[in-house]
Amino acid sequence: MTAVSKVLDVAGVTKRFGEHEVLCDVSFQVDKGETVCVLGPSGSGKSTLLRCINWLERPDAGHIYLNGKPVGVMASGAVMHDRELSRLRTHIGMVFQHFALWPHLTVLQNVTEAPIQVQKRPKAEAIDEALALLAKVGLADKRDAFPARLSGGQKQRVGIARALAVRPDVLLFDEPTSALDPELVGEVLVVMRELAREGMTMVVVTHEMGFARDAATRVIFLDRGRVVETAPPDRFFAQPQTERARQFLQRYAGSANGANGR
Amino acid sequence: MIRDFAVVWGERSLLLSGLANTTVLSVLAASCALMLGIVLTPALMARRRVIALPVRIFVDGMRCVPFLLFAYIVYYGLPSLGLRLDNWSSGLAALIVYNTAYMAEILRGAWQAQPREPIEAGIAFCFPEARLFRRIILPPLLLTAGPVLGNQMIQIIKDSAFLTIIALPELTHAASSIQSRHYVPFAAFITAVLLYWGLCLIVEAGVSAIGRRAEARR
């Protein structure tokens, strides 16, 4: 493993909300092309971890490195200038639990908005690329629809296309299927599996054990703000090393063989 | 009675110029107040108290002053502070400043009712603050607040009638000139009321057009 291949390096991240320590010295690295699934009971700090990675929350301690460069705080410890921070963060794509599409923009405009407005890419190029991405997630025919007219699964696929449009080095998924009706989960997972196969670097917070089992290159098990276990999925699911992971998996035993796969 | 209305008809050019003045005054006041309100809204929502507090005081203060009194202060009061404005300027200024407070408060309320995630997505996608407000936060605000902003527009049209007291030749002023000249109070004032009503209908048509746009996006 050369230093160059590490897209994301989370080093000793700690986050407190008041007295409550949500994340405690969390460290892990993500190589290029990996799909890392972050599993754990609710309240274990999974979402906060993602929010710290893209600086929506500021960690109280620790560092985030993207392609070897520190995000948010410089090596000297000085807080990074906003513009510099944006330049780095724009290479982190994010998919939200409740889709978070912009309601006043059409599907196509949702996808082109950040490339045009933030990355200042030429409009025609951004539109071409957005149309290709919409075709990829199977929504080319919805380009002029407003998000309100889409089903949850369609909204989330637009969310994924929007995140891909900024040409991210790493894509963060915050429970992308938790807000969906069960019958709509599959269409989103199909797209995510496709991305994993194509070698997109992804960090996925999820409760979809089926997805973690067969799409993840690595599973990180988080409990009470700490990384309790890190393992390839086959080993994690077959032989969890810790009691807490075993208990967690037992609770999910029903959905692990999931009806939500394909 | 019919004859009274005939008298009013005879003065139609006076009424129409009053109507035109009321329209110009209201449209100018509403658009300026809305624009200034848009500028003040982020300040009202600011986390830093040094920014939020003065704006909060202005907004709350304005909302507690009767408009008539405020117009008196601008027209009769400011000259004693050395600022003398003619009746058009002071009338327009009073309408704008007074309604800026309302517009800002309306938009602040709409902002607080917005779901947090789309705004957060804007932050995650690295929109700089000003662009985040202009591109991501503001458009849904204007759409959802449309009906309330329309109400405020109607309020502005009605408040503009107070400006007759500073001799601004708007619709109410025209109606009272006609009634004092010919002593036809009922016909003159009813005609004015109907014309105000017509203006409000136009505003409401505009509001429902915005409402339809908002509906498609909800």
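Two residues are in contact here if their C-beta atoms, placed from the backbone, lie within 7 Å. The structure is a predicted model, in which local features need pLDDT of at least 70 and side-chain atom pairs count only at pLDDT 80 or more, while totals for chains, interfaces and linings use all residues. Residues are numbered from 1 along each chain as its sequence is written, and chains are lettered from A and ligands numbered from 1 in the order in which they are written.

By that contact criterion, 20 residues of chain A meet 19 residues of chain B. On the side of chain A that touches chain B, helices α2 (82-89) and α3 (107-117) of chain A each supply at least two residues. The helix α3(A) gives the most to this side, with 3 residues. Helices (H or I, at least four residues) and strands (E, at least two) are DSSP runs, numbered from the N terminus. Sorted by class, the side of chain A that touches chain B holds 12 nonpolar, 6 polar and 2 charged residues. In this sorting Ala, Val, Leu, Ile, Met, Phe, Trp, Tyr, Cys and Pro count as nonpolar, Asp, Glu, Lys and Arg as charged, and the others, Gly among them, as polar.

Chain B contains 9 helices and 0 strands. Its C-alpha trace spans about 70 × 45 × 20 Å along the principal axes. Of the 218 residues in chain B, 39% are buried; a residue is buried if 20 or more other C-beta atoms lie within 10 Å of its own, exposed if 12 or fewer, and partly exposed in between, with C-beta atoms placed from the backbone. Among the contacts in chain B with a separation of 6 or more, 77% come from residues 24 or more positions apart.

Chain A is assigned two parts: domain 1 (3-91 + 170-256) and domain 2 (100-167). Such bounds come from an automatic or database domain assignment. The C-alpha centres of domain 1 and domain 2 of chain A are 24 Å apart. Between them, 10 residues of domain 1 of chain A are in contact with 11 residues of domain 2 of chain A. Helix α6 (residues 182-197) of chain A gives the most to the domain 1 side of this contact, with 4 residues. That side of domain 1 of chain A has 7 nonpolar, 1 polar and 2 charged residues.

Helix α4 (residues 123-136) of chain A can be followed along its length and around its axis. Its 14 residues should span 20 Å at 1.5 Å a residue, and the end C-alpha atoms are 20 Å apart, which agrees. The expected span is 1.5 Å times one less than the number of residues. Within α4(A), the residues A:Ala126, A:Ala130, A:Leu133 and A:Leu134 are buried. These four lie on the same side of α4(A), because they cover an arc of only 100° around the axis, the arc being that of the directions from the helix axis to the C-beta atoms. The cover over the buried residues of α4(A) includes α3 and α5 (152-165) of chain A. On the face turned away from the buried side, α4(A) carries the exposed residues A:Ala124, A:Glu125 and A:Asp128. After α4(A) comes A:Gly138, with a positive phi near 80°.

In strand β7 (residues 170-174) of chain A sits A:Phe173. A:Phe173 counts as buried because 28 other C-beta atoms lie within 10 Å. Apart from its neighbours within four places in sequence, A:Phe173 is in contact with A:Val95, A:Met202, A:Val204, A:Val205 and A:Thr206.

Strand β9 (residues 218-223) and strand β10 (residues 226-231) of chain A pair in the antiparallel sense over 5 bridges; two strands pair if DSSP finds at least two bridges between them. Across this pairing, A:Phe221 stands opposite A:Glu229 in β10(A). The hairpin of β9(A) and β10(A) has 2 residues between the strands, and A:Arg224 in it takes a positive phi near 45°.

Other residues of chain A also have a positive phi. A:Asp25, which is not a glycine, has phi near 50° and lies in strand β2 (residues 20-31) of chain A. A:Asp25 counts as partly exposed because it has 14 C-beta neighbours inside 10 Å. A:Trp55, likewise a residue other than glycine, has phi near 70° and belongs to the loop between α1 (46-53) and β4 (61-66) of chain A. With 21 C-beta neighbours inside 10 Å, A:Trp55 counts as buried.
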